[in-house]
Amino acid sequence: AGEAAAYYYFSSATELAEALVSHDDRAYSAAQTAMRFIRHLRMDHRAYLGDPDTLYKNRNQIVACVETAHLDDRLAVFLSCLGLPTFTLPTERKTLQSPTPSKPLSALAVSALKQHWQYDYEIYELCREISADRLG
């Protein structure tokens with residue numbers, strides 16, 4: 001019910017993101033609540049990886065980090081790090097597209113999300129550094 005209310009209150013992702021930095025207390029509160037109620041936004045990377053300092057201290061326990069956009073290019077190296085044999089991915093891909101593609105976020109919305117997910121961005125950059133160390 002909370003997720004449905006969030007989508008009802010905010011007509012677009014941009015509207016929700018911009019409300020995260022709103023000076024209007026009602027809009028700001030609604031945005032914070034919506035971020036907690038929308039299932040795929042609820043938990044950030046800290047829930048899985050800890051804070052950036054903890055991740056950095058434990059970086060030697062991480063075998064590899066691979067961005068999904070580069071998995072095809074890095075698959076052999078990634079599998080090697082895991083001690084697994086390499087294989088070829090199927091060339092025919094199945095992709096799903098939304099019947100109504102989303103509009104790009106406004107610059108304010110992008111900035112608000114970067115602020116809201118500050119720790120996620122720090123963790124992401126740290127994972128990129130770990131990836132460079134492990135995978136070259």
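# A walk through the helices and their cores

Let's start with Gln32, which touches Leu20 and His116 once residues up to four places away in sequence are set aside; touching, or contact, means heavy atoms within 4.5 Å. Gln32 is found in helix α3, where helices are DSSP runs (H or I, at least four residues) numbered from the N terminus. Gln32 is buried, with a relative accessible area of 18%. Buried means under 20% relative accessible area, exposed means over 50%, and partly exposed is in between (1.4 Å probe, protein chains only).

A quick word on what you're looking at. This is a predicted model, in which local features need pLDDT of at least 70 and side-chain atom pairs count only at pLDDT 80 or more, while totals for chains, interfaces and linings use all residues. Residues are numbered from 1 along each chain as its sequence is written, and side-chain values use heavy atoms, with hydrogens and water left out.

Now for the inside. A nonpolar core is a set of buried Ala, Val, Leu, Ile, Met, Phe, Trp, Tyr and Cys residues joined through side-chain atoms within 4.5 Å. The largest one has 16 residues, and Phe10, Leu16, Leu20, Ala31 and Met35 touch the most other members. At least two residues of this core come from each of α2 (13-19), α3 (25-37) and α8 (107-116). Helix α3 gives the most, with five residues. Pick out Ala31: beyond its neighbours within four places in sequence, Ala31 is in contact with Phe10, Leu16, Ala19 and Leu20. Apart from this core lies another, of seven residues, including Leu55, Ile62, Ile123 and Leu126.

Next, take a look at α8. Ala109, Ala112 and Leu113 are buried there. Down the axis of α8, its buried residues fall within an arc of 100°, so they line one face of the helix; the arc is that of the directions from the helix axis to the C-beta atoms. Why can that happen? An α-helix has 3.6 residues a turn, so residues three or four places apart point the same way. On the other side of α8, Ala107 and Gln115 are exposed. The cover over the buried residues of α8 includes α2, α3 and α9 (118-135).

Finally, some rings. Rings of Phe, Tyr and Trp (its six-membered ring) pair if their centres lie within 6.5 Å, with planes under 30 degrees apart called stacked, over 60 edge-to-face and the rest tilted. That rule gives one aromatic pair. The rings of Tyr9 and Phe10 have centres 4.7 Å apart and planes at 70°, so the pair is edge-to-face. Phe10 is buried at 5% relative accessible area, whereas Tyr9 is partly exposed at 37%.
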